[in-house]
Amino acid sequence: MDVILFLIFAVIAVVCGINVVVQSHPISSAISLVGVMGSLAVLYLLLGAEFLAAAQVIVYAGAVMVLFIFVIMLLNAGGEIRHGRSIMAQVLGIPLLFAFLGLMAFFVQRLFPSTALVHFGAFQHGGAQDVGRALFTRFLLPFEVISVLILIAILGAVVLARKELE
Amino acid sequence: MPGVPISWYLILSAVLFALGVSGFLLRRNIITVFMSIELMLNAVNLAFITFSYQFKQVDGQIFSFFVMVVAAAEAAVGLAIILTVFKNRRTLNIDDVSTLKN
Amino acid sequence: MQLWLIPILPLAGFLLNGIFGRRLSKTVINAIAIGSVLLSFLWVLKTLAGLGDLQVAHTEQYFTWIQSGILNVGCDFTIDRLTAVMLLVVTGVGLLIHIYSIGYMAHEGGYYRFFSYLNLFMFFMLTLVLAANYLVMFVGWEGVGLCSYLLIGFYFDKQFATNAGNKAFIVTRIGDVGFSLAIYLIVVNFGSLDFGAVFSAAASKPEGTLTAIALLLLVGACGKSAQIPLYVWLPDAMAGPTPVSALIHAATMVTAGVYMVARSAAIYTHAPAAMETVAIIGVATAFFAATIGLAQNDIKKVFAYSTVSQLGYMFLGAGVGAFSAGIYHLVTHAFFKALLFLGSGSVIHALSGEQDLRQMGGLRKKIPWTFWTMVCASVAIAGVPPFAGFFSKDAILAAADRHAPWMYWVGVITAGMTAFYVFRAIFMAFFGEYRGKAHPHESPFVMIGPLAVLGFLSLAGGYLFKVPEFLAPIFPLAAESGDIGPMAISIAFGLGGIALAWLFYIAKPELPGQITTTFSGLYKLIYNKYFVDEVYGAVIVNPVVAGSREVLWKGLDVAVIDGAVNGAGSVARETGGLLKRLQSGNIRSYATWVLFGSVVLLLVLGVMGGLR
């Protein structure tokens, strides 16, 4: 059962990911990205991270992507016109990418033998209670710092996006 | 078999990450590039949570949580920058934003 | 005894005149310059009076200069009878020349500079003479070379003067290399540079070592005292003012080599091969230079070659073992050669700068004092008894005869030539009709005075200063042979030379012209100084200069060193140029580089982190 669920949503994630990269209009890419995030949320659930699955859907898919779509529609950018490429990126990037992938796969295989399995429900401590407890005890300092970070981000966004003073 | 091998999750994370990188390298629209970055961040989140399961600790999920918050902040500021760039240059082509050249 | 005052007083004169001279009046400059030398001379007299017999050397040690391993060199002065003789000559004759210079340089520019250099020279020369070890002597040695350079090139706006200064310095430098090597050998073999230590240990060292040291010292002496093959700088040094020629290149500096050989007698007597070399070089130089002097037309050049020749006599004396005879001739030579130079200076001054003998003549009525004093010097140098030069030259020739008769005969012939060319100069300058265009006038008293004193010393110096007896404690007197044959022959040659000069230039003035036409090839050879300078130029100077220019300058300095430095710069620039392409402003290439870096990191971590 787990395997089938994993496979379905993994395939959806990859297909949507490819779509993000391949589509010419940013809107299509944005929608595909939402799809990726949704399937990832399911995968998180399979891994026992209930709180984060919910956060993924609410924050990422629900707020960040909406922001993206707002901006795309605001700029009314239109599809990409194909001219002028970065040679460096193409010639070097693709092989490097494959190298990267290959290396990752190799290391992962070596480090994690197939006997390690993921069962749904094997990890019970992903709920809100556990995450909250950890967040407010052991990770209190980063938590507070992150709130300052969000404040700075808000300030930055406001300053950047307002009209120039005449 | 009752479960999914952990390595599959990690390979999936790597694949998504690679897709994000390729999108970052190959696309010219700034917003698309940005979305590729988000894709990469998601892949990383998956990896963190997988490891959190692996070691049966909640710490990985906390990291993932922070990543999400940072991604949100970054998205806000980055999109504001894109808006400003668009206002000044009327283009969303990443290759045109190269005044730091040489 | 405060020996240090003797050189320090002229040094003080140098400093005062050098620093403040520009603003001082001539009277003050004169007072400082003359005063310092006069005080030094008086202090020498007082010291000698106070030391009494001076059978044993009196040494004063001031401070330790070098203390390194076994080598301990102090700044020490010593005074024994040999030093006393040299001190009296240097300060006495030096004083007279300083006084003379007041008149001679009265109308020249750079007055204070001249006197400050002269005082500096006195300081170094006195240091050289008073030194108690080879290194302090070397300090004085180098210092007089420097002052010689400064004073030869005194008229620094004249190209030939600066060239002459360079030539003097460079050629004596070659000698100084020999001297330095000798010092190194002495340190290695004797462990000390002090005269006392070295000379007392000299008897026990192997002869080969001593010969090597002695020959290297001889190289230094040849440079400083203008012997073959390093004499070429002395005739050119006549470009300097005449008092300089008199003081430095007649009486004192050029005698430093002779003094050094005499001082190192302990080394030389135990190295017979080196002594033989000294004698041979001395007699060869004496003969060679005399032949060149026969044909010169510049009055100063005649006396310059005469100086080289007389220095050869001194070396001959030292080389045959008669060190005291050599020093004796040094003293008498100081008197009459300084007088000859100062006299020619007076003549030149009288003729407002004319130096060519062919433009002179009949001056004996116009400048009588100069004439008579120069005659005194001429009879002295010709070896006419009982004047000064006769005693000293006879002592040398007698010793040469005892050692090797052929040296005696060459020396006697040279004596004849000496008499000839000196009196040739006298006759051409002072007799006959005046051939020039200037208005000869007698020199002022301040110039005539020293001439008179030196004239008296040239005549009577041989009787007054019996140098060999005085130096007997250091250089034991040789047994007299009582044979007056050699003495008679040398007197005959001297008088014969004078007579021949009379014949050529007074009685039958057309003879010189006939001889030069008949022996025109030989005459050309002699007149052009045997083309030695040209040979040196072609064989040594030009190849060295060309080598320096092509290999060292263009090859090494420009190509290698500059190339390396500039190359380092261009490497940096090229690398920067390459690296700047990274900053393309293209975000995607940045991303590619990031990806590249992460792949590398993964590899490194995987391999080194030890994937187990």
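Tutor: Start with buried area: it is the accessible area that two parts lose on being put together, summed over both. Keep in mind that this is a predicted model.

Student: What is the area buried between chain A and chain B?

Tutor: The size of an interface is often given as the accessible area lost when the parts come together. Here, chain A and chain B bury about 7,000 Å² between them. Carbon and sulfur atoms give 78% of that area.

Student: How many residues are in contact there?

Tutor: On the chain A side, 82 residues are in contact with chain B. On the chain B side, 72 residues are in contact with chain A.

Student: How many salt bridges and polar contacts cross this interface?

Tutor: For salt bridges, the rule finds one between chain A and chain B. Its partners are Arg138(A) and Asp59(B), at 2.7 Å from N to O.

Student: Which elements of chain A supply the side that touches chain B?

Tutor: At least two residues come from each of α1 (2-22), α2 (26-46), α3 (50-75), α4 (87-111), β1 (117-118), α5 (128-137) and α6 (140-161) of chain A. The most come from α3(A), with 13 residues.

Student: How do the residues on that side of chain A divide by type?

Tutor: There are 61 nonpolar, 16 polar and five charged residues on the side of chain A that touches chain B.

Student: Now strands. How do β1(A) and β1 of chain B run?

Tutor: They run antiparallel. The strand in chain B covers residues 4-5, and two bridges join it to β1(A). Look for Val118(A): it stands opposite Val4(B).

Student: What else does chain B contain?

Tutor: Chain B has three helices and one strand. Along the sequence, the pattern is β-α-α-α. Burial comes next: of the 102 residues of chain B, 66% count as buried. Then look at contacts with a separation of 6 or more. In chain B, residues 24 or more positions apart account for 56% of them.

Student: How many bridges join the two strands of chain C?

Tutor: Nine bridges join β1 (residues 58-68) to β2 (residues 71-79) of chain C, and the strands run antiparallel. Follow the partners across. Gln61(C) has Asp76(C) as its bridge partner, and Gln67(C) stands opposite Asn72(C). Two residues lie between the strands of this hairpin, where Gly69(C) takes a positive phi near 65 degrees.

Student: Is β2(C) mostly covered or mostly open?

Tutor: Mostly covered. Eight of the nine residues of β2(C) are buried.

Student: Why is helix α11 of chain C described as largely enclosed?

Tutor: Count its buried residues. In α11 (residues 256-263) of chain C, eight of the eight residues are buried, so the helix is largely enclosed by the rest of the structure. Among them are Tyr259(C), Met260(C) and Arg263(C).

Student: Why does Thr307(C) count as buried?

Tutor: Buried means under 20% relative accessible area. Thr307(C) counts as buried because its relative accessibility is 0%. It lies in helix α14 (residues 299-319) of chain C. Leave aside neighbours within four places in sequence. Thr307(C) is then in contact with Leu234(C), His249(C), Ala250(C), Val254(C), His333(C), Lys337(C) and Phe341(C).

Student: Where does Ser324(C) lie, and is it buried or exposed?

Tutor: Ser324(C) lies in helix α15 (residues 323-350) of chain C. At 8% relative accessibility, Ser324(C) counts as buried. Not counting residues up to four places away in sequence, it touches Val467(C), Pro468(C), Leu471(C) and Phe475(C).

Definitions and conventions
Residues numbered from 1 in each chain as written. Chains lettered and ligands numbered in written order. Predicted model: local features only at pLDDT ≥ 70, side-chain atom pairs only at ≥ 80, totals over all residues. Heavy atoms only, no water. Contact = heavy atoms within 4.5 Å. Buried area = accessible area lost by both parts, 1.4 Å probe. Salt bridge = Lys/Arg side-chain N within 4 Å of Asp/Glu carboxyl O. Helix = DSSP H or I, 4+ residues; strand = E, 2+ residues; numbered from the N terminus. Nonpolar A, V, L, I, M, F, W, Y, C, P; charged D, E, K, R; others polar. Pairing = 2+ DSSP bridges. Buried < 20%, exposed > 50% of the residue type's maximum accessible area, 1.4 Å probe, protein only.
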